[in-house]
Amino acid sequence: MKNNKIKSIIQAFFTDLLFWIYVFGCSYFLIHSWFEIELTNTNIHILIAALVFTLVFLSFGMSLGRKIFSPTKLTNLKWKKTFWGWTIVFLLVITFVVGWNLVEVNPYKFFTQFKNARGISSGIFDPSIIGYKLTEKSFEELRENDVPLVVLEKLERIKNKSYTTKKVLSLDLKKKLDANELLEYKSSIFEYAQKNSNMLNIALSALAETIFLALLATIFAIPFAFVLSFLAARNLMPKTFLGNSVYLIVRTIATIFRSIEAIVWAIIFSVWVGIGPFAGMLALMIHSIAALTKLYSEQIENIDEGPVEAIKATGANTFQVWIFAVIPQIISPYLAFTIYRWDINVRMATIVGFVGGGGIGLLLLQQQQLLRWHNVGVIIWLIAAVVWIMDMTSAKVRAKLVEM
Amino acid sequence: MNNIIEIKDLHKIYARGTHALKGMNLTVKEGEFCILLGLSGSGKSTLLRCMNKLIDSTSGEIYICDGDVVKATGKTLRRIRRQIGMIFQQFNLIKNLTALTNVLTGKLGYVSLGHSVTFAQHKADMKLAMDNLKRVGLLEFADKKVKNLSGGQQQRVAIARALMQNPRVILADEPVASLDPATADSVMRYLGELNKKDNMTVICSLHFLSLARKYGTRVVALKDGEIVFEGTPKEIDEKKFKKIYGEEAEEVEIK
């Protein structure tokens with residue numbers, strides 16, 4: 001009884017200490033950011049102040065920790081009349097204010113600066129699926145239409161260069177030709193410029209890269225996850241020291257690897273094997289192994305134990321039990337999870353591309369940095385289409401597999 | 001006749017503290033059809049599962065087919081298990097495999113891992129499995145997935161699986177409790193036939209006295225982990241029935 005009382009006081013003390021450290025820390029942050037006052041040794045000051053406040057308030061019985069950890073008598077006091085009630089209100093208010101400052105929330109910017117996003121939004125609504133190019137053929141046709149050689153020579157340097165829209169082409173024409181030439185020949189140049197779906201082709205091949213790298217990452221992850229999932233299933237591991245250790249080690253490693261985001265793996269591998277789809281594939285593979293091991297092993301833990309019992313009773317050995325009683329029960333959920341994983345990997349591959357994982361993510365980053373919004377538009381629409389199609393089909397296939 | 005099963009002072013205490021078997025002594029002779037009676041929770045399932053070590057017993061001795069079950073591990077245990085066929089209330093078949101494959105799994109205790117994944121290449125096994133399916137009247141269902149079969153058919157597949165082991169003993173844990181009365185009788189008839197024709201020893205837990213009287217050569221009744229009655233099925237009158245099942249119980253007739 002006495003032990004319990006001491007324990008609850010210690011718990012209350014540390015809760016209060018954390019509360020006051022938080023309060024003083026937040027206050028310091030606000031003072032610092034509003035009045036730009038620099039204080040020295042702030043950490044120690046905050047700790048000492050918090051300690052003093054904790055002791056003073058605790059000795060007066062005004063404590064949040066006491067409310068949480070000691071079994072209190074039922075009182076009909078409204079929260080407005082209690083100390084802990086006000087501390088919680090204070091906690092919520094100060095958290096909100098500090099949050100607002102840290103995140104630099106600025107509604108004014110949100111409502112007045114839409115024009116900054118005009119480039120990208122015009123790109124999205126006018127993706128440059130079809131571009132223009134002055135090819136050898138265009139030059140011949142222009143010659144036949146009596147465009148003078150002087151003008152054609154000036155255009156020689158932009159021969160075979162791809163333009164996403166006529167607007168971009170005319171910008172280059174302005175640089176190359178003088179005002180009169182421009183006025184006279186612009187329309188015929190436009191007329192004979194060859195249509196070219198260059199950006200679409202580039203984006204499509206980058207997209208294929210992304211889909212295949214996601215597919216390979218999934219396929220390579222399957223055998224590893226398959227084997228590991230058996231070792232990470234509580235019901236299959238014997239209840240011996242060795243069995244428990246294997247289970248715990250596999251589970252822990254899988255959890256750690258899963259909590260490291262694929263984007264972090266991509267950064268590591270893009271340094272290791274160089275920027276490109278291979279780095280992205282490795283990153284997604286590592287993450288998929290960890291995620292699938294967890295999903296698979298949970299599936300094993302949920303199987304019907306009956307057949308396992310029955311197969312054991314025939315005198316089968318452990319591997320035979322796994323092959324005949326466990327695997328038939330898990331094979332279709334495994335397939336469903338794997339397809340779902342591929343679906344997720346395609347989405348993640350786009351993000352992973354941004355940090356050096358290749359594929360359409362990398363292309364998007366490049367085009368965005370070059371401010372080619374019409375190209376960015378093409379890429380965004382393609383990504384959206386693929387994600388939508390994968391989502392639909394994988395849901396359908398998974399539904400079929402569950403019925404099996 | 002020699003004793004095929006000998007159980008001496010068997011105790012089972014579960015991890016959560018339930019004392020399921022309290023010093024069980026039981027001897028079964030070869031060729032007997034022994035019925036276990038008793039309420040749910042009286043220890044019937046525990047007793048049956050201790051016999052082939054699906055559950056480890058806490059103390060006591062068990063000898064089946066000249067093997068020491070309690071001490072057996074690994075290969076020795078599997079040698080004992082393959083002589084003991086087991087039939088369950090929920091059939092415990094692998095539902096998304098075919099009836100034939102399910103029957104073949106009865107052979108697992110006799111073959112190597114490599115052999116067991118290439119059953120289709122072993123004509124003798126395939127023929128034996130088909131013969132066993134034929135015996136339980138399910139030859140035309142060989143290639144059907146088990147989940148598409150009815151309860152009675154599933155239990156017959158389970159019997160064929162047990163037959164595949166060529167067992168000396170069959171343990172049946174409430175084999176008819178999930179079946180309707182007519183199907184129940186047909187399943188019991190197969191067990192009776194195995195007992196009479198093939199001289200297999202059957203230990204079968206049941207709830208229906210009428211079935212016990214029809215097929216059993218001996219009845220053992222359990223209550224709270226102890227044997228409260230041992231004798232022939234005919235000896236059970238209303239008084240003994242009430243002793244086993246409690247004062248409230250009425251006998252339900254099933255034909």
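Where does I48(A) lie? This residue belongs to helix α2 (residues 42-59) of chain A.

A word on conventions: this is a predicted model, in which local features need pLDDT of at least 70, side-chain atom pairs count only at pLDDT 80 or more, and totals for chains, interfaces and linings use all residues. Residues are numbered from 1 along each chain as its sequence is written, chains are lettered from A and ligands numbered from 1 in the order in which they are written, and side-chain values use heavy atoms, with hydrogens and water left out.

1. I48(A) counts as partly exposed, at 48% relative accessibility (buried is under 20% relative accessible area, exposed over 50%, partly exposed in between, with a 1.4 Å probe and protein chains only).

2. Do look at helix α9 (residues 166-176) of chain A, whose buried residues are L169(A), S170(A), D172(A) and L173(A). Seen down the axis of α9(A), they fall within an arc of 160 degrees (taken from the directions from the helix axis to the C-beta atoms), so they line one face of the helix. The face turned away from that buried side carries the exposed K167(A), L171(A), K174(A) and K175(A).

3. Over in chain B, K12(B) sits in strand β1 (residues 3-13). Is K12(B) buried or exposed? K12(B) is buried, with a relative accessible area of 10%. A polar atom of its side chain lies 2.7 Å from the backbone oxygen of D56(B).

4. K12(B) and A124(B) are 112 residues apart in sequence and 41 Å apart in space, C-alpha to C-alpha.

Definitions and conventions: Helices (H or I, at least four residues) and strands (E, at least two) are DSSP runs, numbered from the N terminus. A polar contact is a pair of N or O atoms within 3.5 Å; within protein, one must be able to donate a hydrogen and the other to accept it, and residues adjacent in sequence count only if both atoms are side-chain atoms.
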